[in-house]
Amino acid sequence: MGNLVPAGAQDYWRMTTMVTGYWMTQIVRAAAAFNLADHLAAGIDTPDAIAAAESTDLDATRRLIRACASLGLVTSVGGEHFTGTSLLSTLHK
């Protein structure tokens with residue numbers, strides 16, 4: 001059958017993983033720094049409430065939570081409400 005991946009595609013995939021790996025670690029770092037797991041476990045489940053609790057910019061907090069959703073750390077439970085996943089709970093104090 002042979003290799004189904006075009007020549008060079010594996011290198012492209014590896015480089016993309018290396019570049020975006022840094023982004024992923026920074027998203028997780030920010031989630032930990034702003035106590036996202038703790039807030040969600042306590043029922044503080046909207047970007048507005050989390051931004052107020054952490055004294056952070058609301059738009060930046062929304063972007064962080066959406067980035068966390070893209071990594072499977074949180075899920076949306078209706079519009080602006082979020083819940084932590086078991087993966088995020090590993091950051092819970």
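Colleague: What does E80 count as, going by its relative accessibility?

Modeller: At 29%, E80 counts as partly exposed. Bear in mind that this is a predicted model, where local features need pLDDT of at least 70 and side-chain atom pairs pLDDT 80 or more, while totals for chains, interfaces and linings use all residues. Residues are numbered from 1 along each chain as its sequence is written, and side-chain values use heavy atoms, leaving out hydrogens and water.

Colleague: Which residue forms a salt bridge with E80?

Modeller: A salt bridge is a side-chain nitrogen of Lys or Arg within 4 Å of a carboxyl oxygen of Asp or Glu. Here the partner of E80 is R66, with the closest N and O atoms 3.3 Å apart. E80 lies in the loop between strand 1 (74-76) and strand 2, and R66 in helix 4, so the pair ties together parts that are 14 residues apart in sequence. Helices (H or I, at least four residues) and strands (E, at least two) are DSSP runs, numbered from the N terminus. R66 is partly exposed too, at 48%. Salt bridges that share partners join E80 and R66 with D48, D59 and R62 in one network.

Colleague: How many salt bridges does the structure hold?

Modeller: There are 4. In one of them, the side chains of D48 and R62 meet at 3.2 Å, N to O. Since D48 sits in helix 3 (residues 47-54) and R62 in helix 4, this pair also ties together parts 14 residues apart in sequence. R62 meets D59 as well, at 3.6 Å; both lie in helix 4, 3 residues apart, or about one turn of the helix.

Colleague: Which residues have the most contacts inside the largest nonpolar core?

Modeller: A nonpolar core is a set of buried Ala, Val, Leu, Ile, Met, Phe, Trp, Tyr and Cys residues joined through side-chain atoms within 4.5 Å. The largest one has 15 residues, and L36, L40, I65, C68, V74 and L88 have the most contacts inside it. Helix 1 (9-33), helix 2 (36-41) and helix 4 (58-70) each give two or more residues to this core, with the largest share, 4 residues, coming from helix 4.

Colleague: What does L36 touch?

Modeller: Contact means heavy atoms within 4.5 Å. Leaving aside residues up to four places away in sequence, L36 touches A31, I50, I65, C68, V74 and L88.

How values were computed:
Buried means under 20% relative accessible area, exposed over 50%, partly exposed in between (1.4 Å probe, protein chains only).
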